[in-house]
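Hi everyone, thanks for making the time today. I'd like to walk you through one model, so please have a look at it on the screen before I start.

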Amino acid sequence: MKILVPVKRVVDYNVKIRVKSDGTGVETNGVKMSMNPFDEIAVEEAVRLKEAGKASEIIAVSMGVAACAETIRTALAMGADRGILVETDVELQPLAVAKMLKVLVEKEQPGMVILGKQAIDDDMNATGQMLAALLGWSQGTFASKIVLEDGRAVVTREVDGGLETVALALPTIVTADLRLNEPRYASLPNIMKARKKPIETIKPADLGVDPTPRRTLVSVAEPPKRQAGVKVKSVAELVEKLKTEAKVI
Ligand code: AMP
């Protein structure tokens with residue numbers, strides 16, 4: 001069984017996000033970019049399934065600017081076998097990504113697609129669900145455990161207030177949550193080996209998809225700066241301030 005893992009290049013999670021001075025978006029110039037953390041978890045899970053003999057090949061797919069090839073290389077260093085880069089300078093939104101993934105899925109015929117539950121840059125949490133809907137496949141979102149047994153994927157899902165376990169007919173779409181696993185660091189020998197693994201580069205037009213955004217970003221603003229706190233000398237003073245200054249009681 002092949003596993004397809006879409007990996008998105010995003011601003012590194014350690015970077016303090018800065019809004020562009022004209023409010024048109026988030027500053028990415030000169031900013032460290034990395035693989036979306038939930039996608040690292042997805043790659044790790046695919047590699048573990050391969051190591052357990054449950055998967056035969058792992059294909060990492062990234063869509064976006066040419067530098068997304070680096071994100072694919074990271075997946076290859078973690079253990080993916082080959083990569084596909086869908087190269088475009090157009091800003092990609094989940095529906096366009098899902099439509100292009102659908103065409104790749106139809107071509108590659110994986111038994112499972114493991115995506116991140118959401119990309120930490122736009123927090124959409126939509127691509128996996130859209131892909132499942134477009135393909136008409138089963139889906140297990142927010143997965144914290146995946147067991148392949150009897151030709152099904154038994155997925156434990158993180159839901160509000162607990163866990164839900166669903167059995168999914170294959171082929172299926174799974175989205176990875178934080179507790180699914182702890183991704184490995186790629187070792188130096190594996191980083192070297194990854195350089196020789198193939199990455200095919202194609203364009204959205206090769207997949208017959210027009211990725212033009214359907215939504216326009218109107219503006220991006222930073223949250224208001226927090227005011228400095230004050231120390232009060234007594235409970236009475238605190239109550240007074242809450243009444244007269246904060247006006248919350
Ligand atoms: P989102 O719906 O944008 O929150 O993203 C959910 C997941 O879809 C991500 O964790 C990735 O696995 C996948 N994905 C979204 N955008 C891309 C992209 N441009 N390239 C590859 N995978 C993507």
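Let me begin with a term: I call a residue buried under 20% relative accessible area, exposed over 50%, and partly exposed in between, using a 1.4 Å probe and protein chains only. By that rule Thr-141 is buried, because its relative accessibility is 8%.

Two remarks on the source. This is a predicted model, where local features need pLDDT of at least 70 and side-chain atom pairs count only at pLDDT 80 or more, while totals for chains, interfaces and linings use all residues. Residues are numbered from 1 along each chain as its sequence is written, and side-chain values use heavy atoms, with hydrogens and water left out.

Now the overall picture. The protein chain has 249 residues, and 41% of them count as buried. Its C-alpha trace spans about 70 × 40 × 40 Å along the principal axes. The secondary structure comes to 6 helices and 11 strands; these are DSSP runs numbered from the N terminus, with helices being H or I of at least four residues and strands being E of at least two.

Back to Thr-141 for a moment: you'll find this residue in strand S7. Its side chain makes a polar contact of 2.8 Å with the side chain of Arg-157. By polar contact I mean a pair of N or O atoms within 3.5 Å; within protein, one must be able to donate a hydrogen and the other to accept it, and residues adjacent in sequence count only if both atoms are side-chain atoms.

On to the ligand. How many residues surround the ligand? There are 18, and the closest are Asp-39, Ala-119, Asn-125, Ala-126 and Thr-127; here a residue is near if one of its heavy atoms lies within 4 Å. The shell divides into 9 nonpolar, 6 polar and 3 charged residues. Strands S4 (57-64) and S6 (112-116) each supply at least two shell residues, and S4 gives the most, with 3.

One lies 2.4 Å from an N or O atom in the side chain of Asp-39. On the backbone side, a ligand oxygen is 3.4 Å from a polar atom of Met-124, and for Ala-126 the distance is 2.8 Å. The protein covers 98% of the 480 Å² of accessible area that the ligand has on its own, with areas from the Shrake-Rupley method and a 1.4 Å probe.

Now some backbone geometry. Most residues other than glycine have a negative phi, and most peptide bonds are trans. Asn-125, in the loop between S6 and helix H4 (127-135), has a positive phi near 55°. Is Asn-125 buried, partly exposed or exposed? It counts as partly exposed, because its relative accessibility is 24%. Asp-150 also has a positive phi, of about 50°, and sits in the loop between S7 (138-149) and S8 (152-159). Asp-150 counts as exposed, because its relative accessibility is 70%.

Finally, the peptide bond from Leu-170 to Pro-171 is cis, with omega near 0°. Pro-171 is in the loop between S9 (162-169) and S10 (172-176).

Methods: Ala, Val, Leu, Ile, Met, Phe, Trp, Tyr, Cys and Pro count as nonpolar, Asp, Glu, Lys and Arg as charged, and the others, Gly among them, as polar.
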